[in-house]
Amino acid sequence: MEPEEISSHVLNKLLKAGADDVIVSVSKQESSQIKYSNNLINTTKTWENIDLGIFMALKKKIVLTNIKEFSLSATDDVVNKLLKFVKSASPNSEYAGIAKGPFSYKGVEDSYDKKIASLGNNSIDYVEKAINKALASGAKRTAGVFENSVNNISLLTSNDIKATDKGTHSYFSIRAFNSKYASCQKVGFSRMIDLLDVENLAEQAALISKQSLNPEHGKFGKFDVVFETLPFANIIDNLGMAMSAFSVEAGLSCLKDMVGKQVANKKITIIDDGMLKNGFNSSKFDAEGAPTQRNIMIDKGIFKTYLHNTSTAKRFNTKTTANAGLLSPSPTNLIVEKGNFSKQELFEQVKNGLYITNLWYTRFQNYNTGDFSTIPRDGIFIIKNGKIGKPIKGIRISENILTLLKNVAAIGNKPERVIGWEVETPVVTPAVLVKDVNITRPVD
Amino acid sequence: MFKDLADFAVKYALKKGADYSEARLESTTSNSFILKNGIAEASGFDKINGLGMRIIKNKTLGFASTNHMDKEKIKKLIQNTINTTEKASHLREEINLSEEKANKDRYRVKQKINLNDVGPEEKIKLLFNAEKELINTKINIPSRYLSLSDSITTEYLTNSDGTNILATVPKVTFFYLLTVEHDGKTSQRIWQYGQTGGFEFVKKWDIPSIVVNEVKALQNNLKFGIKPPKQALDIVAAPQVVGIMVHESGGHPYEADRIIGREGAQAGESFITKEMLGTRIGNEVVNVVDDPLLENSYGFYKYDNEGVKARRKYLIKEGIINEFLHNRETAYCMGIKSNGSSRSVNYDRESIVRMSNTFMLPGNHTEEELIKDVKLGIYMKNFMEWNIDDKRINQKYVGAESYLIKNGEIKEPVIKPVIEITTPQLYKSIDAVAKNMEYHAGNCGKGEPMQPIPVWFGGPSIRIRKIRLGN
């Protein structure tokens, strides 16, 4: 049975049983990963999955299910269980419905690439080229992954929405090492494989790794920091989660009661764009079927809106930003608007500071206040009188995320596209200079 | 279950030229319930039926997974995987597996109260009861997020060495995030409880008492907390804090795949090398083990995901680096046998070296004795923020419920004392270990794609001598 037929079968059965709102999604994914370390391929991985997701509201009782099994009999079992389950569920008095269609959708530019769809095991050639490039550029060891996927989604809702989308994704990461304590990581992604230059990423990683040999222990205190794109994306990713209306309600946001207020330096403008050309999370529609859009989240330092689905938007007396998440709205592609400075010009503005190329293990002490700490890893360098100096190690950033954003002093002019282990939302950002960042280290 | 399909897959891979093949079938049903600020946000259930395979051909490893339970599709997947391993063979890490006994067994974790016999209504009622008790405290708690979930997983593992394991493991989990406000200031705690077993454990936890005690302690700290002293002092760390310390710096660095660099890209490597086996890392009172066999623990298993029989591993023995965590691949690399530490979170993830239940062994003291011998110090009962670098040296723990110790007695609450310390200094500064034991549940992150895997971490209270708190 085709996904569309199953979806329609489920929808009709649930509506007949009295459901008020129903969303049925079927997503199919074929993906692969080449995992490598010590310059060799550890594993080749292949996945084939089909997921059936059902959302049902009946008298404000919300039940969700996700089934990794796809057959008509399995589907009938699920429908029966849903109906039994919903009887004993409790109503969500705050629930306020799902998007009302029909909608017309615009396609996302550069979101499907036949070359990725037919890449197969040629992905190994990209990994080989990248490893060779890193070694030729001076790295001793490399580790990383190269992932490719083809996705198809179909969505059917009780509010006149019937939509499909397809996409391809490529993600590459490389960590170059010159010793146990000298390394650099670079990541990149694209929906079109020809726009992903894995050799360039490998070369950049190798060059920084080489420079970071023999680091000394860093010092604590306040430093001006030039954040490379990867670490700044880590911070913006955490801010993005705080933008969700769900996070505000759950106590996970430092942006509570901040709409219309200054939350960052006026140099900062952040956009969430679900339609971003070649955006990793771009799609025609969100999880309710609402057409995705471009939302200005922070305009010259002023926080403009939370991320909403239909239900959270009604609770906040506003319109959906098309960021469903059926329970929790979430960012799509976060963009930090570029500034005017080359990286060199950012360094030149620093008398005594640090250049940080990666962050790791970002954890909050209090999501409400935004107090957190995070650990710079890979190449960390002293900046002295505008010039990159000695590498250091063993430090931590212990800061408040809003203070950090208010202390942004200059923004680079060359955005990079970042996603990864610690950056779950794709972020497009240039390097950024932040003044007076609090650096701590283990006490002797 | 589709056991025949898994048996077929193993044989078919061999027929297509594989030197080793392994299939792992997973069938999981789960339920979850969320209460947010007193409102039933949503309930849900999920179902998984899928097959994961590892195939080695010409010393090249390929992993494949699918939830299309169809023979023809599986045949095609196996052929594709073999083709890919062939293409990768000129650039592959040479994969060899340690020789292990082929085990045949079936086991089931017993449930006194079967999860399927407890309806959704009763499960969500427990959260409503907790909410009611929170409101009754009259404490200002602007955000209250409570969730309860349960699952039953049946796994069938078979490989071309003759291993055949069928296991059924039920799990229960309670998670909370609470925000307490006082005088314009807020304090938060996130914590979770988790065990393998039936609903009897959810009842035993007494969820209303857990959350009420938590908000009372948070309010007490906000109301009466003082700043921590600046001079060098002693710390008595309670089991929750010891558990996370041991997990982060006594467990992760002992994962052999980190040590050989296989997780170098993301999860990181380790400051420990093979050559450090047998060398001193801490005071002789320090003993750290990883033990999957703890009954009803969150990280329980009898056989790992390569079919190797689980056992207790002594990672640190009397302060000496004693043993690493191994799967068959890392064991072969180091010329030994696997100690059964290979785990994967679902059928669609490659099994890699993981912790199970990692904890410090108890000593002979009471917690009171540890406190009594402190002139100036901090009693850190639990924590909120923590992190550690990817080689597992530089770690930080920020106390949530904490108190000043003065002349051997617990005094007023202390606001956010910070332990920021290196691993060698931490383990060398532990001078006494108590005999009170607690285990706590968490989901440990590792792997690419990420595999958050259920573990326990724990230990007794310990005393850490003469350290200076961080800023």
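Start by selecting P102(A), which sits in the loop between α2 (72–88) and α3 (114–117) of chain A; helices (H or I, at least four residues) and strands (E, at least two) are DSSP runs, numbered from the N terminus. The peptide bond leading from G101(A) into P102(A) is cis, with omega near -5°. This is a predicted model, in which local features need pLDDT of at least 70 and side-chain atom pairs count only at pLDDT 80 or more, while totals for chains, interfaces and linings use all residues. Residues are numbered from 1 along each chain as its sequence is written, and chains are lettered from A and ligands numbered from 1 in the order in which they are written.

Next, go to P449(B), in the loop between β22 (438–444) and β23 (453–459) of chain B. A cis peptide bond joins E448(B) to P449(B), with omega about 5°.

Two loop residues come next. K60(A), between β2 and β3 (61–68) of chain A, has a positive phi near 65° although it is not a glycine. N296(B) lies between β9 (288–290) and β10 (313–317) of chain B, and its phi is near 60°.

Now show both chains. The contact (C-beta atoms, placed from the backbone, within 7 Å) takes 67 residues from chain A and 73 from chain B. On the chain B side, strand β2 (residues 39–57) gives the most, with 12 residues. Select strand β2 (residues 40–58) of chain A and strand β3 (residues 60–66) of chain B: they pair in the parallel sense over five bridges, where pairing requires at least two DSSP bridges. T44(A) stands opposite G62(B) in β3(B).

Finish on helix α3 (residues 120–136) of chain B, whose end C-alpha atoms are 25 Å apart. Which residues of α3(B) are buried? They are P120(B), K123(B), I124(B), L126(B), L127(B), A130(B), E131(B) and L134(B). Viewed down the axis of α3(B), the buried residues fall within an arc of 140°, so they line one face of the helix; the arc is that of the directions from the helix axis to the C-beta atoms. Their cover includes α2 of chain A, along with β1 (20–36), β2, β5 (143–159), α4 (200–205) and α5 (207–224) of chain B. On the face turned away are the exposed residues E122(B), N129(B), K132(B), I135(B) and N136(B). After α3(B) comes K138(B), with a positive phi near 65°.

Key
Contact = placed C-beta atoms within 7 Å. Expected span 1.5 Å × (residues − 1). Buried ≥ 20, exposed ≤ 12 C-beta atoms within 10 Å, placed from the backbone.
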